[in-house]
Amino acid sequence: MSASERAIRALREILQKPGNDVCADCGTPDPGWGSCSLGVFICLACSGIHRNMPNISKVKSLSLSHWEDNEIQFMAENGNQLMKSKYEAAVPVYYYKPTHKDCQVLKEQWIRAKYERKEFSEPGKECTYEEGTRDGMLMKRGRDNGQFLSRRFVLSEREGTLKYFTKYDAKEPKAVIKVDAINATFQPEKIGNPNGLQITYLKDYSTRNIFVYHENGKEIVDWFNSIRAVQLHYLKVAFPGATDAELVPKLTRNFLKEGFMEKTGPKQREGFKKRWFTLDHRRLMYFKDPLDAFAKGEVFLGNRAHGYNASPGLPTGTYCNGAWQYGITIQTPDRSFLFTCETETDQQDWLQHFNNVMNAEMSPQEYTMEAMFKHRH
């Protein structure tokens, strides 16, 4: 057996150890790379980020690179679980740990925070996200002209608000957003910037979107985690008996699905028009354009037992002038909504998401939201 075959076999054995079968940083199964200076097994995508920290991480392919005996020994002695206990010893509960599905900036800052800045290695160390206030400039998209302009944002834990100002020294904020009404989610493709963040909040029971970015990846991820830290503080006050595990899912959340469908109006005789749809748990919102500040409309998706249903196809005799053929009918207790998708795959994917939501038990807050929707519409 050649030396390289021996090395591959030895590395394969080390991969069998608990924890080594997924990427140490994003959880992708079957990692094909290793950092022989940190002692962790990582996936191809994360190996690219490690390669940008050459003084900290030396990356090698498990099957294509030449491994020295002492490097293999080092991997055997360390590995993902041991290194997690070192580099993730004190990750704050609110800190968003990205998965393989998340965007590049989240993964890169998580990896740099762990190994380069060693933010989570010492329990009790003060985190920048917990200072209770954050003040800085972000590029914000104009609601009417679509231009990104520099705006001052101020996050305050004491006031429980995120404010933004059109000028740095403006006395009055342009908007005051309560932190418990905020959702923040990274949207690089939609915003057209790798560090693009969408901030969504409820204002007078309707959804408002703000699109921002910062040229510096660390800066935008710090804003994101600072918002989550302040939100957790507020939730702990609001729900004193709740555990962290119960509260963390209530911080920010990624949308379940977004994309274009065509829809017709309530009389179902109007033409089908192309709209951008966002499914945010039980709220299906639609917009004329993906970057609109306000939704044109919203559909509340309640529980199946209460008269909500989603099925493929359109009712017989529906006047369908649109280019798209793959229909979806959503029944609510008050009316039905008709949509069409471009492909069958898209139709099946939307239906899967709608059914998952309608099959889930509703929380007391969701019953309140349902009543609010009925009152509004």
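Trainee: On what conventions do the values rest?

Mentor: This is a predicted model, in which local features need pLDDT of at least 70 and side-chain atom pairs count only at pLDDT 80 or more, while totals for chains, interfaces and linings use all residues. Residues are numbered from 1 along each chain as its sequence is written, and side-chain values use heavy atoms, with hydrogens and water left out.

Trainee: How are two packed helices described?

Mentor: Two packed helices are described by the angle between their axes and the distance between the axes. Here, helix α1 (residues 3-15) packs against helix α3 (residues 69-77) at about 10°, and the axes are 10 Å apart. Axes are lines fitted to C-alpha atoms, for helices over the stretch in contact, and angles run from 0 to 180 degrees between N-to-C directions. Helices α1 and α3 are therefore roughly parallel to each other (angles under 35 degrees).

Trainee: Which residues of α1 and α3 meet?

Mentor: From α1, A7, A10, L11 and I14 meet I72, M75 and A76 of α3, where contact means heavy atoms within 4.5 Å. The residues of this contact comprise 7 nonpolar, no polar and no charged.

Trainee: How many helices and strands are there in the protein?

Mentor: The protein has 10 helices and 17 strands; these are DSSP runs, helices being H or I of at least four residues and strands E of at least two.

Trainee: What share of the protein counts as buried?

Mentor: Of its 377 residues, 49% count as buried, meaning under 20% relative accessible area with a 1.4 Å probe, protein chains only.

Conventions. Angles under 35 degrees count as roughly parallel, over 145 as roughly antiparallel, 65 to 115 as roughly perpendicular and the rest as oblique. Ala, Val, Leu, Ile, Met, Phe, Trp, Tyr, Cys and Pro count as nonpolar, Asp, Glu, Lys and Arg as charged, and the others, Gly among them, as polar. Buried means under 20% relative accessible area, exposed over 50%, partly exposed in between (1.4 Å probe, protein chains only).
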